Amino acid sequence: MPSSASADAEGARSKRKRGSSAACASDGSDQQGPSSHWLTPRAQQAYSSKLLQALRLVRGGTGTPTCSASAPAVRDAAYRALAVAARGRSRWSRAILARSRRRRALLRARRPPPPTPRHRQRRHQQQQDERPAGGLAGRAKVLARLVPGCRSLSLPALLAEVSDYVAALEMQVRAMGQLTHDLASSSSAPTTASTMIAPP
Amino acid sequence: MSNRRSRSRQSGSSRITEEQISDLVSKLQDLLPEARLQSNARVPSARVLQETCNYIRNLHQEVDDLSERLSELLATSDMSSAQAAVIRSLLM
């Protein structure tokens with residue numbers, strides 16, 4: 001619930017940005033804005049914080065303290081945190097958040113816990129390298145399926161979304177790699193970690 | 001969302017559209033790691049889109065691998081260690 005509240009707050013805050021999308025389309029220099037945003041260390045730190053909060057929710061949601069977060073749950077939390085960090089400014093982030101909301105609605109409607117989202121895993125499964133016919137149009141169609149919510153976009157709109165999505169994914173990989181490294185080093189030296197950080 | 005749809009539906013001249021596509025493909029090419037090494041090379045648009053598809057698939061795979069790694073680490077360590085790790089990374 002707090003994560004959805006923050007998502008709504010971010011949605012409200014981004015109305016000004018949504019209005020200026022036409023200006024972004026006309027001005028070439030503004031096109032650099034969304035993609036270069038993901039390169040800043042501040043964006044990566046903000047994402048790491050959101051990811052940590054999401055992971056805490058994933059662990060808390062299971063109820064049993066011994067039950068660990070599964071890899072698909074961690075991945076879904078990572079993509080959700082990425083979409084929240086994008087603040088609904090892009091189509092792919094709104095598509096990810098909409099998917100999470102639909103899944104949450106299903107959870108509420110269904111009494112027994114649903115099975116793990118394996119359809120998500122199937123969607124991200126590594127495909128054979130396709131050589132579609134039709135050159136540019138065929139490749140654009142394949143590309144549109146890889147980016148959430150962009151299947152029906154025209155080519156210019158798709159390219160703008162893809163640039164932002166690729167930059168966001170790169171930041172996500174950097175942040176998750178850093179977090180994995182920090183967790184591995186902190187678990188190998190638990191005494192040092194507990195000494196350095198005072199418990200909240 | 002409606003803004004984006006109306007913008008894409010606008011019937012500007014094909015010259016502007018082609019120029020826009022060429023500009024966007026060029027920006028997309030700068031994001032690809034392979035194209036960064038040869039930034040001056042002129043790559044056809046279809047090739048850039050193909051490389052982008054492959055790159056996105058690679059990034060998705062990396063996220064899957066890191067998610068599995070994170071899941072294992074979270075199973076062996078408590079959340080306070082994770083908080084300490086993030087605090088340490090923020091201080092860096």
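Colleague: How much accessible surface does chain A have, and which share of the surface belongs to carbon and sulfur atoms?

Modeller: Accessible areas here follow the Shrake-Rupley method with a 1.4 Å probe, and for residues only the protein chains shown count as cover. For chain A the accessible surface is about 10800 Å², and the share of carbon and sulfur atoms is 57%. This is a predicted model, in which local features need pLDDT of at least 70, side-chain atom pairs count only at pLDDT 80 or more, and totals for chains, interfaces and linings use all residues. Residues are numbered from 1 along each chain as its sequence is written, and side-chain values use heavy atoms, with hydrogens and water left out.

Colleague: How many helices and how many strands does chain A have?

Modeller: Helices (H or I, at least four residues) and strands (E, at least two) are DSSP runs, numbered from the N terminus. Along the sequence, chain A reads α-α-α-α-α-α-α-α-α-α-α. The counts are eleven helices and zero strands.

Colleague: Is A:W92 buried or exposed?

Modeller: Buried means under 20% relative accessible area, exposed over 50%, and partly exposed in between (1.4 Å probe, protein chains only). A:W92 has a relative accessibility of 0%. A:W92 therefore counts as buried.

Colleague: Why is the pair of A:W38 and A:W92 called tilted?

Modeller: Rings of Phe, Tyr and Trp (its six-membered ring) pair if their centres lie within 6.5 Å; planes under 30 degrees apart count as stacked, over 60 as edge-to-face and the rest as tilted. Over all chains there are two aromatic pairs. In A:W38 and A:W92 the ring centres are 6.4 Å apart and the planes stand at 45°, so the pair is tilted.

Colleague: How far apart in sequence are the parts that A:D76 and A:R103 tie together?

Modeller: A salt bridge is a side-chain nitrogen of Lys or Arg within 4 Å of a carboxyl oxygen of Asp or Glu. The side chains of A:D76 and A:R103 form one at 3.1 Å, N to O. Because A:D76 lies in helix 6 (residues 71-85) of chain A and A:R103 in helix 7 of chain A, the parts tied together are 27 residues apart.

Colleague: Which side chain makes a polar contact with the side chain of B:Q50?

Modeller: B:Q50 is in helix 4 (residues 45-76) of chain B, and at 5% relative accessibility B:Q50 counts as buried. A polar contact is a pair of N or O atoms within 3.5 Å; within protein, one must be able to donate a hydrogen and the other to accept it, and residues adjacent in sequence count only if both atoms are side-chain atoms. At 3.3 Å, the partner is the side chain of A:R139.

Terms used. Chains are lettered from A and ligands numbered from 1 in the order in which they are written.
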